[in-house]
Amino acid sequence: MGRRIVDNGEELTVHGHDASGCALPDSARSVADQLSAVLAAVSPLPPGRVSLDEALGLVLAEDVRSRTDTPPFDNSAMDGYAVQRADLLQASAEHPVTLPVVADLAAGTSQNPNLQPGQVARIMTGAPIPDGADAVVPIEDTDQGTDTVTIVRAPQPAAHIRRAGEDAHAGDTVLTRGSVLWPTRVAAAASAGTSSVQAHPAPRVAVISTGSELVTPGEPTRRGQIPDSNSYLLASAVAAAGGLPIRLGAVADDENTLRSLLAGLAGTVDAIVLSGGVSVGAYDVVKAVLAPLGTVRFGPVKMQPGKPQGFGRWPSEAAAENTDGTVAGPLIFALPGNPVSAFVSFEVFVRPALRRLGGHTELFRPTISATAGESWASPPGRAQYMPVTLAGEGTRSVARRAAAGGSGSHLVAGLAQAVGLAIVPENVTRIAAGDRVTVMLVT
């Protein structure tokens, strides 16, 4: 075994051993290799037509083109009076001009009076500009008359008229394929005259915690029991990634129960996220159920926290029908059970996969460069993901550990304070105060 060091309560091991004192096997994957294997197995879900009511957050699978000019007709940008500007060139507070009102045009009206010289029409915002009018006088520049109106300011040319096609012309591309439909884009699709779009669906993701020690939060606990926080953590993370979480809560360490649950999910979800039971312990039920299938790979990844990982698919009856040799069941992510490990694993591996399933092209969290505000140790040979807070100090962003215990995999309360994960490369064993660190933003 290698030489042990202790840094603020965190025990690490040097000379190629992990924090438990066990040497990493040659089969251990780097983070990059594990992520590459995950993404190679993931393709965007087939698109379908979705109503605009259900499109928020989805990714367009085709361009949206305007069916008509937008706006489709010249209309008023103000409540006021449609006028012929030539009648009012001399209008002022000292020399007001009074004209007859020959029509009253509300938004949505189909009326189109043909204004003659010396006539005006009262008009509301959004109403069509009548033939003959070439400007709108705001109501504030009038006495608001209904039979006649007195105007005290000459309008500018084409004042307060929105022209047909000013926003888009019929046939113009309003939204491009790959666009994420946030609220303003949903509105743009509606304004283009469409009530539905072709989009990739949000992935349906089952979330399961494993462990006989887990109880529903709020229920009494006895010695040896703890609340299930992972299913809430991971279901929320699925939703934040754009997926549709199906939180199934905690399952006891019973192989038959878990096997039956997973079999029932096949064909109903696109992915399954499990936490716990993936290491080498006597009661690691996830590994016991999935490893014999031959479709889920388990093995260590050179990272801390989050070393034990499992990834693959649940086999389905349709798998034998695939001519390309692929397995048709839902994706399976088997994550460590400790909350920080589960969260880091989700951010590094699961979130990018769910983003790709949903058709997103931006798969990864943004990163920034920050200054370490304190020193900490990192295990050799493993990329470390340290939960950190960020604070502005002058022109710098300063990163400090979110919990005194650092990246300890059980420190879920401290994790709540983190806004990012400081990424320490495999070949770096210590971060000193003042060092530059890359921080993956997770909020």
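Predicted model: local features only at pLDDT ≥ 70, side-chain atom pairs only at ≥ 80, totals over all residues.
Student: What makes up the protein chain, in helices and strands?
Tutor: The protein chain has seven helices and 30 strands. Buried residues account for 47% of its 443 residues.

Student: Why is Gly145 called buried?
Tutor: Its relative accessibility is 12%. Buried means under 20%. The value falls under that cut-off, so Gly145 counts as buried.

Student: Where does Gly145 lie, and what does Gly145 touch?
Tutor: Gly145 lies in the loop between β10 (135–138) and β11 (148–151). Leaving out residues up to four places away in sequence, Gly145 touches Tyr81, Val101 and Arg122.

Student: How far apart are the C-alpha atoms of Gly145 and Tyr81?
Tutor: They are separated by 9.9 Å, while the two residues stand 64 residues apart along the chain. Contact is judged on heavy atoms within 4.5 Å. The C-alpha distance is another value, and Tyr81 is still listed among the residues that Gly145 touches.

Student: How do you know that the buried residues of helix α1 are on the same side?
Tutor: Start with the names. In α1 (residues 31–40), the buried residues are Val31, Gln34, Leu35, Val38 and Leu39. They cover an arc of only 130 degrees around the axis, which puts them on the same side of α1.

Student: Which exposed residues does the face turned away carry?
Tutor: That face of α1 carries Ala32 and Ala40. Exposed means over 50% relative accessible area.

Student: What do the buried residues of α1 pack against?
Tutor: They pack against the strands β20, β21, β22, β23 and β26, and against helix α6.

Student: What puts the buried residues of α3 on the same side?
Tutor: The residues are Asn230, Ser231, Leu234, Ala235, Ala237 and Val238. Their arc is only 160 degrees around the axis, so they sit on the same side of α3. They pack against β15, β18, β19, β23 and α6. Just after α3, Gly242 takes a positive phi of about 100 degrees.

Student: What makes a set of residues a nonpolar core?
Tutor: The members must be buried, of a listed nonpolar kind, and joined through side-chain atoms within 4.5 Å. The largest such core has 22 residues, and Phe333, Phe346 and Leu354 touch the most other members. Elements giving two or more residues to this core are β15, α3, β19, β23 and α6. Helix α6 gives the most, with six residues.

Student: Which residues does Phe333 touch?
Tutor: Among them are Val38, Ile272, Leu274, Phe311, Phe349 and Ala353, with residues up to four places away in sequence not counted. Val38 is one of the buried residues of α1.

Student: How do you know that β24 and β27 pair?
Tutor: Pairing needs at least two bridges. Two bridges join β24 to β27, so the pair meets the cut-off. These strands run parallel. In β27, Val398 is the bridge partner of Thr371.

Student: How many bridges join β24 to β30?
Tutor: Five bridges do, and these strands run antiparallel. Thr367 stands opposite Met440 in β30.

Student: Which strands pair with β26?
Tutor: Among them is β21, in the parallel sense over two bridges. There, Gln304 stands opposite Gln384 in β26. Five bridges join β26 to β28, which run antiparallel. Val388 stands opposite Gly420 in β28. Six bridges join β26 to β27, also antiparallel. Here Thr389 stands opposite Arg400.

Student: What lies between β26 and β27 in their hairpin?
Tutor: Two residues lie between them, and Gly394 in the turn has a positive phi of about 70 degrees.

Student: Why are β3 and β4 called edge strands?
Tutor: Look at the order. An open sheet of three strands runs β3-β14-β4, with antiparallel pairing. β3 and β4 each have a single partner strand, so one side of each is left without a neighbour in the sheet. Four bridges join β3 to β14.

Notes:
Residues numbered from 1 in each chain as written. Heavy atoms only, no water. Buried < 20%, exposed > 50% of the residue type's maximum accessible area, 1.4 Å probe, protein only. Arc of directions from axis to C-beta.
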